[in-house]
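Keep the 3D view open and follow along.

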Amino acid sequence: MAVAERILQYDGAAIQFDDQCMSYSELQHIMRLTAGYLDSYNKPLKVAFTLANERLYVPLFLGCVLQGARPFLLHPEHPYNDQLLQQIKPDIMIEDGEAFLAKVQQMGEIYEVRAIREDKEELFTGFTSGTTGIPKGYRRSEASWLASFTMNDEVFQLQDVDLFIAGGPLYHSLTLFAAVSALYAGKEIRLMSSFQAGRMISGTEQTAIFGVPSMLELMTEHTTDAPLIFLSSGAKLESHTLHKAAEQFPNMTVYEYFGSSEASYISYLTPEDRKRFPASAGRFFPDVTYRLIDEELVVSSPYIFTGYFGQQDNKGMIATGDIADVEEGMLYLKGRRNNRLIVGGRNVYPEEVESIIQRELDVHEVLVTGKRHYLLGEVAVAIVHPRGNFDRQFADLTIRKQLEKYKWPLKWIVDTNFLYTDSGKIARFAMQERYGLNEYSLHR
């Protein structure tokens with residue numbers, strides 16, 4: 001059954017947003033009012049969401065889905081929004097959920113489901129982060145999310161979970177996916193206006209938490225013996241975070257999964273596989289097929305997006321941009337193709353160097369990037385946030401035992417105030433700009 005129509009069948013608690021609670025009855029009423037308002041236009045609608053996280057984001061989104069409108073989910077403060085809106089040419093913009101709901105309530109039109117469509121070809125259009133230019137709109141079908149919902153139960157064993165929690169921005173696919181998958185299963189979802197580590201931990205009920213590694217690290221300032229399942233994506237979990245999580249949350253099961261906004265689920269790492277293959281990104285999800293073309297991972301699956309906005313549909317396989325290898329059925333990621341450094345004609349993937357630094361040195365965070373060099377083309381630079389005093393000479397000696405010479409960081413920068421994206425990832429390009437690492441260097 002289609003997503004929105006199925007959500008209309010449930011009762012009980014639906015959404016916790018900060019200190020506010022919304023029942024399924026209230027959620028369904030808002031969905032029907034929103035769908036009724038949109039239906040009065042008597043034409044297919046493009047609806048642009050430029051909301052920050054707020055309690056009505058999910059109900060209004062689901063109202064659009066129920067009626068068959070096309071939601072476009074934009075970052076509320078992205079500098080390219082004006083250009084994106086010119087491309088989209090939306091019929092309706094939702095900038096303030098409460099104001100929009102007041103308008104909808106004034107009309108008072110309640111939508112009645114006329115026919116349940118098993119699959120809406122286009123569920124929504126989301127946008128990439130746009131860290132290197134104007135964001136791309138990726139179109140996602142309902143079938144792709146329904147297939148991913150099935151994996152929640154098959155791979156992560158979420159059938160008996162009572163509460164889902166997601167602390168990120170709702171205009172990011174990770175958080176919205178967590179919310180809609182919870183409601184599709186008739187469960188309760190906890191969301192928040194901004195990330196709060198303490199609110200990511202439930203009371204005593206079994207809970208599934210969708211987050212990124214930095215969220216789990218911050219959560220370890222708290223403790224609970226409640227049964228938790230943490231689903232981590234966005235970056236590899238470091239051993240020190242896993243160790244602290246095991247101490248603070250003795251009944252937590254941690255899964256890692258690898259994917260993207262466009263590809264959705266690609267691979268997953270169970271606790272058992274982590275013991276045997278700690279450096280791996282895991283085994284491929286069921287029904288994912290892959291090829292390695294010039295070392296780049298290319299995938300096909302029921303979970304992938306339809307295509308980019310304004311472009312033709314993809315042809316069933318998409319290049320992920322990740323340089324990878326597969327051994328014993330396990331996926332290993334070497335780095336992003338567009339992050340690659342070329343040092344003296346040889347490839348260096350920053351993620352490999354970062355992993356060694358995290359493992360060997362006592363640091364909160366590390367970012368390895370390149371600085372242009374007149375002789376070598378590029379050299380590696382490591383920016384670190386140490387846990388205590390940082391000894392550059394010790395760092396040099398330690399890392400040089402682990403890596404080939406051309407991969408050595410030739411400069412260390414200590415920074416105790418890393419910049420992050422709103423999804424909790426290190427803002428790689430902003431950090432490069434902070435230190436002028438795009439300029440040519442004549443010296444070491």
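Q: How many aromatic pairs does the structure hold?
A: Keep in mind that this is a predicted model. A pair of aromatic rings is described by the distance of the centres and the angle of the planes. Going through the rings here, the count of aromatic pairs comes to 26.

Q: What kind of aromatic pair do Tyr257 and Tyr265 form?
A: Their centres lie 5.2 Å apart, with 85° between the planes. Planes over 60 degrees apart count as edge-to-face. So the pair of Tyr257 and Tyr265 is edge-to-face.

Q: Is Tyr257 buried or exposed?
A: The cut-off for buried is under 20% relative accessible area. Tyr257 has a relative accessible area of 10%, so Tyr257 is buried.

Q: Which kind of pair do the rings of Tyr265 and Phe285 make?
A: First, Tyr265 itself: with 2% relative accessibility, it counts as buried. Its ring centre is 4.5 Å from that of Phe285, and the planes meet at 10°. Planes under 30 degrees apart count as stacked, so Tyr265 and Phe285 are stacked.

Q: How many residues apart in sequence are the parts that the pair of Tyr265 and Phe285 ties together?
A: Tyr265 belongs to strand 13 (residues 264-269). Phe285 is in the loop between strand 14 (282-284) and strand 15 (289-293).

Q: How many residues of strand 13 are buried?
A: Strand 13 is mostly covered, and its buried residues number 6 of 6.

Q: In which sense do strand 12 and strand 13 pair?
A: A hairpin through 3 residues joins strand 12 to strand 13. Ser260 has Ser264, in strand 13, as its bridge partner. Over 5 bridges, strand 12 (residues 252-260) and strand 13 pair in a sense that is antiparallel.

Q: Which residue in strand 14 stands opposite Ser267?
A: Strand 13 and strand 14 run antiparallel and are joined by 2 bridges. Look across from Ser267 to strand 14, and you'll find Phe284.

Q: Which strand gives the largest share of the lining of the second largest pocket?
A: This pocket holds about 240 Å³ of space and is lined by 15 residues, with Thr369 and Gln432 among those nearest its centre. Strand 22 (363-373) and helix 13 (428-434) each supply at least two lining residues. The largest share, 4 residues, comes from strand 22.

Note on methods
Residues numbered from 1 in each chain as written. Predicted model: local features only at pLDDT ≥ 70, side-chain atom pairs only at ≥ 80, totals over all residues. Heavy atoms only, no water. 1 Å grid on protein atoms, 1.4 Å probe; cavity = no way out; pocket = protein on both sides within 12 Å on 5 of 7 lines; lining within 4 Å. Points joined across faces, edges and corners; volume = space filled by probe spheres on them. Phe/Tyr/Trp six-rings, centres within 6.5 Å; stacked < 30°, edge-to-face > 60°. Buried < 20%, exposed > 50% of the residue type's maximum accessible area, 1.4 Å probe, protein only. Pairing = 2+ DSSP bridges.
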